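I opened my notebook for a quick look through this one. Here is what I looked up, in the order I went.

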Amino acid sequence: MNRRTLLSAAAAVPLAAAVPAAAAAAAPKVASWSTENPLRVQVLVFDGAEELDYTGPYEIFAVAGRMSSGAVTVSLVTAEQPGEITAIHGTKLVVAKGLSTADADLLVVPGGGYGNRTGPGIWGEIAKGTIPAALRAAPRPGLIISSLCTGSILLAEAGLLAGRPCTTHHLTKAEITERGGVLKDARVVDDGDLVTASAVTSGIDLALHLVRRELGADLAVRVENLIDYERRGTVWQR
């Protein structure tokens, strides 16, 4: 029985009744990710997304997948119909897949466009409502939801940060506090099924942390060595 089968069976038991939150966050994985049972990562993109916000994590998970013989798969997805999106600095990107959290084990939500309330980016997506609605409906046993930089505001809009330890870009801390997030002074904040990171380049640290947590330190170190990068800052973790 693989991890997804076990998690589906566990879904019948209310999480709060099963174990305390802190214990759940620290619980060992039910099964290891493998070529036959890969960690399925979806990186959400949208018009106005910050290029490095999504390319940093995508690169880490793609390299981890290659180095683990397919124990990780990663794809860019859109909450709209598949097609072309334009990132904040003008990069045109053809996205072939739509968001499907039922087919993901890890969702990465980038930010972008915070400084322009009327242009593309997080505010445009909040106005449209599609991404917040999808995120609001996403939580389930077995799904890790993560964000970096101002992507945290999209999670907050969906109500996913209320009462939860989290972090965000230094310019948006007040915004997250007002929306109920419990801010921690760390580059990456790991609260089990919710993992957040601070500013743009922290997405690389977020992804490396999750590779280490889910697939082991040896693979994380190999990925670091290949891309010539060492994880930075503090990880807050229960």
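**Notes on a predicted model**

I started with P132, leaving aside its neighbours within four places in sequence, and found contacts with E125, I126, E157 and A158. This is a predicted model, so to speak of confidence I come back to pLDDT below.

Next I asked where P132 sits, and found it in helix α6, which covers residues 130-137. Is P132 buried or exposed? I got 3% relative accessibility for P132; the cut-off for buried is under 20%, so P132 counts as buried. I also checked P132 against A156: the two are 24 residues apart in sequence, and their C-alpha atoms lie 8.6 Å apart in space.

Then I turned to a helix pair, α4 (residues 51-67) and α9 (residues 202-215). Their axes come within 7 Å and cross at roughly 30°. Angles under 35 degrees count as roughly parallel, so α4 is roughly parallel to α9. I noted the crossing of α4 past α9 as right-handed.

Which residues of α4 and α9 meet? On the α4 side I listed G56, P57, I60, F61 and A64, and on the α9 side G203, I204, A207, L208, L210 and V211. Sorted by class, this contact has nine nonpolar residues, two polar ones and no charged ones.

Last, I looked at confidence. The protein chain has a mean pLDDT of 90, with 87% of its residues at 70 or more. Over residues 1-31 pLDDT stays under 50, and for that stretch I noted 25 contacts beyond four places in sequence in the model.

Notes
Residues numbered from 1 in each chain as written. Predicted model: local features only at pLDDT ≥ 70, side-chain atom pairs only at ≥ 80, totals over all residues. Heavy atoms only, no water. Helix = DSSP H or I, 4+ residues; strand = E, 2+ residues; numbered from the N terminus. Buried < 20%, exposed > 50% of the residue type's maximum accessible area, 1.4 Å probe, protein only. Contact = heavy atoms within 4.5 Å. Axes fitted to C-alpha atoms, helices over the stretch in contact; angles between N-to-C directions. Parallel < 35°, antiparallel > 145°, perpendicular 65-115°, else oblique. Left-handed = near helix turned anticlockwise from the far one by under 90°. Nonpolar A, V, L, I, M, F, W, Y, C, P; charged D, E, K, R; others polar. pLDDT = per-residue confidence, 0-100.
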